[in-house]
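Visitor: I am new to this structure and would like to learn how to read it. Could we take the features one at a time?

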Amino acid sequence: IRFRFKLDDKIQNEIIFEYQQSHLVERIALLTDLYVDGQNMNVEMSSADTTNSTVKSEKSFLPLKSINTLQQFHRFHYISADRLGPVEFVNEINDTPESIQVGIKGENVINMLAYNGDSIHIDENRCVKGINALLKTQAIAWLSYILDGANLDVKKGDSILSMLLNSQNNTNLYKPINVGFGYSYILPLIVTGLIAKVGDIIVIENPEAHLHPRAQHLLTEFFIKVAEAGIQVFIESHSDHILNAMRLCSVKSDFSLNNNDISIIYFDENYNHFPITFDECGRLSTWPSGFFDQQEIALTQLFNLTKD
């Protein structure tokens, strides 16, 4: 697996990371090679054998500290499609907002809300208007906006944190398992969008999971607001509702992003990729076979079968 990055750094302009699958740890890859401007940075560690005065090569390592821009790679927020879903209790982890993220599966979102929900201030561009700018309050406000009502609370116990939810804007709270799964699935996405700093990158898989079409549309509006605040957002999706929401937001006057700020890339079953643009009216430049065309196919078949 190779990742190639072109950088603005005038000294180190291209970095390539090469990985191999780990057979010991699931979801973790092993960094095996690192190239900087074509030079392999693998360094052999050697030691002298005092018995016969030879030098033996022990192992190689990658001098990551020598990469000027490596700190930029810590500014990624990635949330998998395989999110935890409804969770009532988690182990308490008291960490600082500079080092903690919600986690690949959203496993840290309760800790984030418990310890930073009343201390992190969200910039105005990402706030629901008329509500204070604290992280927890804004997370509830966006949940309520996207899902037509929401409330939540996080309680601290003996090394345990618990969260309760509601699908209405009132004080009644319930176990997450007794509230629609959509709440638990998008809460990590909302918190990530709120805590990300200007210049950060957010990568999200399948944000549409467990959401009805209207909620998918409104969640896309949230990500548009996050992007407008100076954060780059990558969304991997199978939802035409998300696609159409982006097209609509690009022409609405209450959003500052336009069609030139949004890129669409379609990958077919053979991993061929097709860049797609759309104009100032939201019209797509091309519509490849297999790209969100099932609805048209089904409606055409229905018309042909019933036109007589």
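Guide: One point before we start: this is a predicted model. We can begin with a helix.

Visitor: How should I read a helix, and which residues of α1 are buried?

Guide: The general idea is that an α-helix has 3.6 residues a turn, so residues three or four places apart point the same way. In this structure, α1 runs over residues 109-116, and eight of its eight residues are buried, so the helix is largely enclosed by the rest of the structure. The buried residues are V109, I110, N111, M112, L113, A114, Y115 and N116.

Visitor: Next, salt bridges. How many are there?

Guide: Side chains of opposite charge can pair when their charged atoms come close. The count here is ten salt bridges. One of them joins E18 and R2, with 2.7 Å between the closest N and O atoms. E18 belongs to strand β2 (residues 14-21) and R2 to strand β1 (residues 2-6), so this pair ties together parts that are 16 residues apart in sequence.

Visitor: Are E18 and R2 buried or exposed?

Guide: E18 has 18% relative accessibility and counts as buried. R2, at 54%, counts as exposed.

Visitor: Where do D82 and K105 lie?

Guide: The side chains of D82 and K105 meet in a salt bridge, at 3.4 Å from N to O. D82 is in the loop between β7 (76-79) and β8, and K105 is in the loop between β8 and α1; the pair links distant parts of the chain, 23 residues apart. D82 is partly exposed, with a relative accessible area of 40%, and K105 is partly exposed at 27%.

Visitor: Which residues are linked in a network of salt bridges?

Guide: K136, D153 and K155 form such a network. Within it, K155 pairs with D153, and their closest N and O atoms are 3.3 Å apart. K155 is partly exposed, with a relative accessible area of 44%.

Visitor: How many disulfides are there?

Guide: A disulfide is a covalent bond between the sulfur atoms of two cysteines. The count in this model is zero. For C249, the closest cysteine sulfur is in C281, 16 Å away, which is too far for a bond. C281 is likewise in no disulfide, the nearest cysteine sulfur being that of C249. C249 counts as buried, at 1% relative accessibility.

Visitor: Now the backbone. Where is H210 found, and what is its phi?

Guide: H210 sits in the loop between β11 (201-205) and α4 (213-228). Its phi is positive, about 65°, although H210 is not a glycine. With 48% relative accessibility, H210 counts as partly exposed.

Visitor: What about Y271: where does it lie?

Guide: Y271 lies in the loop between β13 (264-267) and β14 (273-276). Its phi is also positive, near 65°, in a residue other than glycine. Y271 counts as exposed, at 70% relative accessibility.

Visitor: What lines the largest pocket?

Guide: The largest pocket holds about 2,000 Å³ of space. Its lining has 50 residues, with F73, H74, F76, H77 and Y78 nearest the centre. β1 gives the most to this lining, with five residues. The classes are 27 nonpolar, eleven polar and twelve charged.

Visitor: And which element gives the largest share of the lining of the second largest pocket?

Guide: That element is β12, with five residues. The second largest pocket has a volume of about 1,300 Å³. Of its 33 lining residues, F234, I235, E236, S263 and I265 lie nearest the centre. The lining of this second pocket divides into 22 nonpolar, eight polar and three charged residues.

Terms used:
Residues numbered from 1 in each chain as written. Predicted model: local features only at pLDDT ≥ 70, side-chain atom pairs only at ≥ 80, totals over all residues. Heavy atoms only, no water. Buried < 20%, exposed > 50% of the residue type's maximum accessible area, 1.4 Å probe, protein only. Helix = DSSP H or I, 4+ residues; strand = E, 2+ residues; numbered from the N terminus. Salt bridge = Lys/Arg side-chain N within 4 Å of Asp/Glu carboxyl O. Disulfide = S-S within 2.5 Å. 1 Å grid on protein atoms, 1.4 Å probe; cavity = no way out; pocket = protein on both sides within 12 Å on 5 of 7 lines; lining within 4 Å. Points joined across faces, edges and corners; volume = space filled by probe spheres on them. Nonpolar A, V, L, I, M, F, W, Y, C, P; charged D, E, K, R; others polar.
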